Each structure stands twice: as C-alpha cells, then as structure tokens.
Amino acid sequence: MIHSVDLYSKNRIIKVVNILTTGEEMTKYNKSEAELEAIFQQKIDSEQKIEPKDWMPEAYRKNLIRQMSQHAHSEIIGMQPEGNFITRAPSLRRKTVLLSKVQDEGGHGLYLYSATETLGIERSELISALQSGQAKYASIFNYPAQTWGDMGAIGWLVDGAAIVNQVSLQRTSYGPYARGMIRICKEESFHQRQGYVIMMELAKGTPAQKQMAQDSLNRFYWPSLMMFGPHDSESAHSAKSMKWKIKRETNDDLRQKFIDQTAPQIAYLGLEHPDKDLVWNEEKGQHDSGEIDWEEFYAVINGNGHSNRQRIQHHVKAHEEGAWVRDAMSEYKQKKLQRKINAETAA
Ligand code: BYC
C-alpha cells in the first residue's frame with residue numbers, strides 16, 4: 001500500500017512506473033526495442049529533452065547514472081579542500097564568503113543526487129559506490145589545499161574549469177540534469193569571481209603574497225586542465241555520450257576553451273604562465289599548449305593521488321556521524337504517515 005512506503009521504496013515505485021511505461025509504449029505502439037530506440041534518437045536529434053518517465057535505452061540510463069553520480073560526488077568531496085580553510089580565512093568577510101561557497105557545493109551535490117535518483121537508483125547505492133572506490137569523483141580534489149592562495153586558485157581555476165564544462169551541460173539531453181545545471185552555473189560564476197578576487201588581492205599585494213599566488217597557480221593549473229578528462233582519442237564514453245547529447249562538446253574542445261580564457265586572466269594578474277610551451281596560434285585562433293602529465297592523471301583517478309584515501313576516510317566518518325539525522329528523518333516520516341493513516345481510518 002502506498003501509505004507505508006518510505007523514501008527508498010518510493011523510488012522503487014518510480015522504477016516500476018518506468019518499466020510499465022516501457023511496456024505500455026511497446027504494446028500501445030506495437031514497437032520493437034529497435035523502433036523505440038529510433039524514436040528516442042530522433043527526439044534527441046531534434047533537441048527534445050528526455051524526461052524520467054520516457055522510454056530510454058538501458059545503456060543511456062546507465063551512462064547518465066555514472067556521469068551524474070560522479071558529478072554529484074565531485075561536488076560533495078570538493079567541499080573538503082575549501083572546508084578546511086573556513087577557520088583559517090584571513091577576515092570575517094572572507095570567512096562568510098568561503099562558508100557560503102562551500103555550502104553551495106553541498107547544495108549542488110544534493111540537486112545532482114536527486115536528479116540521479118529520477119533514473120531509478122537509490123542514493124544509498126550511489127554513496128556506497130563512492131565509498132568503495134567503484135565510482136570516481138573529479139581528480140582535482142585529490143590535491144591538497146595548502147595556503148590561502150589555494151582558495152583563490154580553486155575558486156578561479158577549478159570552478160572556472162567546471163563552468164566551462166557545465167555551461168555546455170545546460171544543453172544536455174536529460175531534462176533533470178540540464179535544469180540542475182542552469183542553477184549550478186549561476187552559483188559557480190560567483191564562486192569563480194570570489195576566487196579571482198582573492199588572486200587579484202594577492203597578486204597586487206606584497207612580494208610574499210604575490211609569490212603565494214604564483215605558487216598556487218603553479219600547483220593548480222595543470223590539475224585543472226585534467227578536469228576535462230583524457231584526450232578525445234582516449235575517452236571511453238565520449239562517442240556514445242556525444243551521440244546521445246549527454247555531452248555537448250568533447251573533452252579536448254572544452255579544455256581548449258579553458259586554456260584560451262585563462263591565458264589573459266593570468267597575464268592580467270601579472271603572474272607567470274605555468275605552461276612554458278603556450279603560444280598563440282594565429283592561424284587556428286587559439287593557443288597551442290604543452291602536454292599534460294597523463295601518468296599523473298591516471299594515477300590520481302585510479303586512487304593514488306596525494307589525498308584520495310584521506311578524502312574517502314573523511315566522507316565515511318562524516319556519513320557515519322550523520323546516521324542519526326537520517327534515522328530521525330525516517331522515524332519522523334513514519335510517524336507522520338502513521339498519523340495520516342490513523343486519521344483516514346477514523347474518518
Ligand atoms: N577526474 O570517457 P571519459 C565542482 C574518468 S565539481 C576523475 O572521457 P566522460 C566543484 C571518467 O569518469 C564539478 N575521473 O569520461 C566542486 C571515466 O571513468 P569511468 C565536476 C575522470 O564521463 C567543489 C574515465 O575517466 N564536474 O565544480 O565521458 C568545489 C574515462 O573518461 C576525470 C563534473 O563532474 C577526472 N577529471 O568524461 C569546487 C562534470 N576525467 O566512469 C568546484 C560532469 C575522466 O568509466 N562530468 N575521468 O570509471 C563530465 O563532464 C564528464 O564525466 C568528464 C569525463 C568530462 C569529467
């Protein structure tokens with residue numbers, strides 16, 4: 001009976017509804033799987049959004065769950081390096097700005113987990129996959145934040161790289177993901193701006209402050225380029241994701257945009273560019289740049305970066321310490337439902 005379902009079994013009902021819809025469509029239109037797939041692709045090609053109850057190929061659903069949940073994990077794990085600096089911010093104003101930025105990241109994670117749940121998976125399964133190392137999160141968060149300058153570099157470069165990617169994801173084919181991205185991008189723009197302001201203050205400050213800004217830029221520049229993923233030729237998911245319009249631009253194209261937008265920002269700060277091979281290519285109308293250290297990238301995404309273990313341990317600890325909140329919420333929900341059932345029975 002619907003009255004007695006909790007949040008998780010409610011998701012199971014959504015799953016059942018999806019299956020029924022599929023069955024209904026097949027019977028209603030007398031369509032084979034291949035025909036339904038052709039209709040689905042046609043919808044995508046004509047820029048219509050796919051919504052949770054629409055028919056979708058299983059591989060599309062799985063690929064979306066993979067990307068969206070990893071995106072959610074990145075937002076949540078990404079709270080750690082900056083969260084660590086809230087108590088060390090140099091002024092009350094900086095503390096409040098950083099605090100609200102970190103809270104925003106938590107909010108982004110929650111929108112994305114909710115959007116992923118519309119695909120018929122439980123949040124607890126997603127969290128288990130993160131904690132067991134089965135699901136990835138953005139490589140950048142396995143680098144330690146060491147100085148206040150890193151708060152500038154993270155806001156400017158990490159949120160900056162995320163925006164370049166997420167602006168294109170506002171047009172992703174799955175409705176709940178696309179709508180989530182619109183709000184997230186607005187908030188990320190403020191994040192990027194606050195990071196750049198920190199860098200401007202340091203770069204125009206004392207020689208020691210300028211050196212701090214340079215050091216943060218040097219450490220975060222290359223890992224920010226890695227956020228866009230492997231070269232297109234090495235990217236396992238790109239071809240399918242581009243066909244299904246889950247991704248609207250390729251890893252290399254987005255990375256190039258970020259390189260081009262960042263070069264004048266570095267020059268404005270009066271800092272040295274960390275890529276000594278960077279040159280403007282007049283013919284292409286873009287920069288040519290040096291090669292990323294791919295060995296480092298693969299080591300980090302496979303669990304061997306500087307902070308991988310620490311990030312997951314911290315997540316597990318926070319999750320366990322928060323168990324009482326989840327228990328209290330489900331008890332309260334149960335109580336409310338029981339009250340409703342009693343009132344209905346009495347009426
Ligand atoms: N780090 O076939 P590929 C933020 C994995 S957070 C780790 O190209 P895809 C913020 C990839 O998952 C915003 N893993 O994959 C928060 C795949 O492994 P699996 C984060 C990476 O999915 C707090 C394998 O390598 N943004 O803004 O087509 C504070 C092969 O790659 C990475 C998003 O998550 C990486 N950098 O393309 C501050 C954006 N790159 O799954 C800021 C959403 C690749 O087969 N995600 N891998 O085990 C995407 O746009 C895409 O998933 C990617 C990768 C471009 C990242």
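**Reading salt bridges and surface patches**

Arginine 255 and aspartate 252 sit three residues apart in helix α11 (residues 251-269), about one turn of the helix.

User: What kind of model is this, and how are its residues numbered?

Analyst: It is a predicted model: local features need pLDDT of at least 70, side-chain atom pairs count only at pLDDT 80 or more, and totals for chains, interfaces and linings use all residues. Residues are numbered from 1 along each chain as its sequence is written, and side-chain values use heavy atoms, with hydrogens and water left out.

User: What is a helix here?

Analyst: A helix is a DSSP run of H or I with at least four residues, numbered from the N terminus.

User: In what contact do the side chains of arginine 255 and aspartate 252 meet?

Analyst: Side chains of opposite charge can pair when their charged atoms come close. A salt bridge needs a side-chain nitrogen of Lys or Arg within 4 Å of a carboxyl oxygen of Asp or Glu. Arginine 255 and aspartate 252 form one, at 2.8 Å from N to O.

User: Are these two residues buried or exposed?

Analyst: Buried means under 20% relative accessible area, exposed over 50%, and partly exposed in between (1.4 Å probe, protein chains only). Arginine 255 has 4%, so it is buried. Aspartate 252 has 24%, so it is partly exposed.

User: How many salt bridges does the rule give?

Analyst: The count is 17. One of them joins arginine 219 to aspartate 150, with the closest N and O atoms 2.7 Å apart. Arginine 219 is in helix α9 (residues 207-226) and aspartate 150 in helix α7 (residues 148-169), so the pair ties together parts 69 residues apart in sequence. Aspartate 150 is buried at 0%. Arginine 219 is partly exposed at 23%.

User: Which other residue forms a salt bridge with arginine 219?

Analyst: Aspartate 215 does, at 3.0 Å between the closest N and O atoms. Both lie in helix α9, four residues apart. Aspartate 215 is partly exposed at 29%.

User: Which residues are linked in a network of salt bridges?

Analyst: Glu82, Lys101, Glu105 and Asp159 are.

User: What makes a nonpolar surface patch, and which residues form one?

Analyst: Patch residues have over 30% relative accessible area and no salt bridge; nonpolar side chains (Val, Leu, Ile, Met, Phe, Trp, Tyr) are joined within 5 Å. Areas come from the Shrake-Rupley method with a 1.4 Å probe; for residues, only the protein chains shown count as cover. Trp324, Val325 and Met329 make a nonpolar patch of about 360 Å². Valine 325 lies in helix α14. Its relative accessible area is 34%, so it is partly exposed.

Conventions
Patch = residues over 30% accessible without salt bridge, like charges linked within 9 Å, V, L, I, M, F, W, Y side chains within 5 Å. Helix = DSSP H or I, 4+ residues; strand = E, 2+ residues; numbered from the N terminus.
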